[in-house]
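I opened the notebook to go through this model entry by entry.

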Amino acid sequence: CYETYPKQTWRNRYLIIGGNGPCSLSVPVEKPFGNTTKTIDIVISKHAPWQQNHWKTIYSAYRNAPFFIYYCDLVEDLILKTHEEKLVNLNKKVIDALITELEIPVTIAYTEHFVAEAHDYLDMRFCISPKSRDQKNCPPVEYKPYYQVFEDRHGFVPNPGILDLIFNLGPDAVTYLEEAAEGLD
């Protein structure tokens, strides 16, 4: 939260798989302090109807997914009824809701300052980027194919966002993630 906000990351976007293939949805943001704005200070822009657009796109992509009916109310509420001013608060709310819903036994702890290099744990912060292909210091993660709504059109699309997993795998999404994470420790 305390680093200078890097553009083109997953902090304000997520990937879903729709009828036309992968679709990146972005929450529009503003940097109140220009290029020196810290992530914790990033504000969600009110200039675009992003919430309605995101929900319509998600609904269109996943309404026929096997577990859509079980998770659609949660996701719809998170998108349409959450009115956070700051991106970090929206992200925390989404993470907390998904951890609770999927019953993932973790506790999230946030730092109070920017940690440049982590020495006591596997640091994956810089391994995932929607734009960067340079991930040389990152361990490979193998994602096994699972059913996706538009697989017949696009084949299996690896590494989409959590929405694809929960709508297509339901409670098995947790097991899928655990199996993908084996060997990263």
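This is a predicted model: local features need pLDDT of at least 70, side-chain atom pairs count only at pLDDT 80 or more; totals for chains, interfaces and linings use all residues.

I checked one member, Val106, in more detail. Val106 sits in the loop between H3 and H4. Its relative accessible area is 45%, so I list Val106 as partly exposed.

Next I turned to helix H5. How many of the 8 residues of H5 are buried? I get 7, so H5 is largely enclosed by the rest of the structure. The buried ones are Leu163, Asp164, Leu165, Ile166, Phe167, Asn168 and Leu169. I then asked what these residues pack against. The partners are strand E1 (13–18) and the helices H1 (50–62), H2 (68–80), H3 and H6 (172–181). Just after H5 I noted Gly170, with a positive phi of about 60°.

I took the pairing of H2 with H5 separately. The two helices pack at an angle of about 140°, and their axes are 8 Å apart. From H2, the residues involved are Phe68, Tyr71, Cys72 and Val75. They meet Leu163, Ile166 and Phe167 of H5. I sorted this contact by class: 7 residues are nonpolar, none is polar and none is charged.

Then a strand residue, Leu25. I find Leu25 in strand E2 (residues 21–26). Is Leu25 buried or exposed? Leu25 is buried, because its relative accessible area is 8%, and the cut-off for buried is under 20%. Leaving out residues up to four places away in sequence, I listed what Leu25 touches: Asn12, Arg13, Tyr14, Ile16, His54, Thr57 and Ile58. Thr57 is 32 residues from Leu25 along the chain, yet their C-alpha atoms are separated by 8.7 Å.

Charge pairs came next. Side chains of opposite charge can pair when their charged atoms come close. My search of the whole structure gave 3 salt bridges.

- Asp41 pairs with Lys86, the closest N and O atoms being 3.8 Å apart. I count Asp41 as partly exposed at 22% relative accessible area. Lys86 is also partly exposed, at 31%.
- Lys81 pairs with Asp77, with the closest N and O atoms 3.5 Å apart. Lys81 is exposed at 61% relative accessible area, whereas Asp77 is partly exposed at 35%.
- Glu84 pairs with Lys93, and here the closest N and O atoms are 3.2 Å apart. Glu84 is partly exposed at 24%. Lys93 is partly exposed at 35%.

Which angle does Glu103 take? Glu103 has a positive phi of about 55°. I place Glu103 in the loop between H3 (87–101) and H4 (151–154). Its relative accessibility is 68%, so Glu103 counts as exposed. I also noted Asn159, which is not a glycine but has a positive phi of about 65°. Asn159 lies in the loop between H4 and H5 (162–169). At 42% relative accessibility, I record Asn159 as partly exposed.

Key
Residues are numbered from 1 along each chain as its sequence is written. Side-chain values use heavy atoms; hydrogens and water are left out. Helices (H or I, at least four residues) and strands (E, at least two) are DSSP runs, numbered from the N terminus. Buried means under 20% relative accessible area, exposed over 50%, partly exposed in between (1.4 Å probe, protein chains only). Contact means heavy atoms within 4.5 Å. Axes are lines fitted to C-alpha atoms, for helices over the stretch in contact, and angles run from 0 to 180 degrees between N-to-C directions. Ala, Val, Leu, Ile, Met, Phe, Trp, Tyr, Cys and Pro count as nonpolar, Asp, Glu, Lys and Arg as charged, and the others, Gly among them, as polar. A salt bridge is a side-chain nitrogen of Lys or Arg within 4 Å of a carboxyl oxygen of Asp or Glu.
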